[in-house]
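Subject: Handover of a model, with notes

Dear colleague,

I am passing on the structure below, followed by notes on what was found in it. Please read the notes with the structure open beside them.

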Amino acid sequence: MVFQVLPAGPERTVETWDFFFESAELESAEVEGARYIDEVLQVQDIAIVESVQRGMRTPAYDQGRIVYDPAGTGLSEHGVHHFHGLVLDAYRALVQQPEQAAIRAVDQEYVANRAVS
């Protein structure tokens, strides 16, 4: 399955779903799985996204694209942010010159030492 979310304007997106199966003759479980995604998950996702978009237009909104909770109660996306940072670091490592990679390593060591102290 390939799922794409494409921006189509400031408050509009277009979603596409492509399903790939082993054979042209679908098993009943495959049909039910695709139906569940279409009739249950997608409906829930649309409602959540629309609710978030309404909330972002209110004066109470003060977050960025990732929910941050400095208290660390678990009601945030610290893990998502960390994972995105790991992916970014991996991409950077592929394209950096050796001296840039050394500077990045020193920066990471500095940040790690500050977190410990």
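In what follows, Ala, Val, Leu, Ile, Met, Phe, Trp, Tyr, Cys and Pro count as nonpolar, Asp, Glu, Lys and Arg as charged, and the others, Gly among them, as polar. This is a predicted model, in which local features need pLDDT of at least 70 and side-chain atom pairs count only at pLDDT 80 or more, while totals for chains, interfaces and linings use all residues. Residues are numbered from 1 along each chain as its sequence is written, and side-chain values use heavy atoms, with hydrogens and water left out.

The chain has three helices and two strands, arranged along the sequence as β-β-α-α-α; these elements are DSSP runs numbered from the N terminus, with helices being H or I of at least four residues and strands E of at least two. Of the 117 residues in the chain, 3% are buried, where buried means under 20% relative accessible area, exposed means over 50%, and partly exposed lies in between (1.4 Å probe, protein chains only).

The largest pocket has a volume of about 430 Å³. A pocket here is an open set of points on a 1 Å grid over the protein atoms alone, where a 1.4 Å probe fits, with protein on both sides within 12 Å along at least five of seven lines, and lining residues have an atom within 4 Å of a point; the volume is the space filled by probe spheres set on the points, which are joined across faces, edges and corners. The largest pocket is lined by 16 residues, of which Thr13, Glu15, Val49, Glu50 and Gln53 are the closest to its centre. By class, the lining divides into six nonpolar, three polar and seven charged residues. Strand 1 (2-9), strand 2 (12-18) and helix 1 (28-56) each supply at least two residues of this lining, and the largest share, six residues, comes from helix 1.

On the surface, Met1, Phe19, Phe21, Leu26 and Val31 form a nonpolar patch with about 410 Å² of accessible area together. Such a patch joins nonpolar side chains (Val, Leu, Ile, Met, Phe, Trp, Tyr) within 5 Å, taken from residues with over 30% relative accessible area and no salt bridge, and the areas come from the Shrake-Rupley method with a 1.4 Å probe. Phenylalanine 19 is in the loop between strand 2 and helix 1, and phenylalanine 21 is placed in that loop too. Phenylalanine 19 counts as partly exposed because its relative accessibility is 32%, and phenylalanine 21 does so at 34%.

Finally, the structure holds two salt bridges, each a side-chain nitrogen of Lys or Arg within 4 Å of a carboxyl oxygen of Asp or Glu. Arginine 35 pairs with glutamate 32 (2.8 Å, N to O) and with glutamate 39 (3.9 Å, N to O). These shared partners join Glu32, Arg35 and Glu39 into one network.

Best regards

Note on methods
Patch = residues over 30% accessible without salt bridge, like charges linked within 9 Å, V, L, I, M, F, W, Y side chains within 5 Å.
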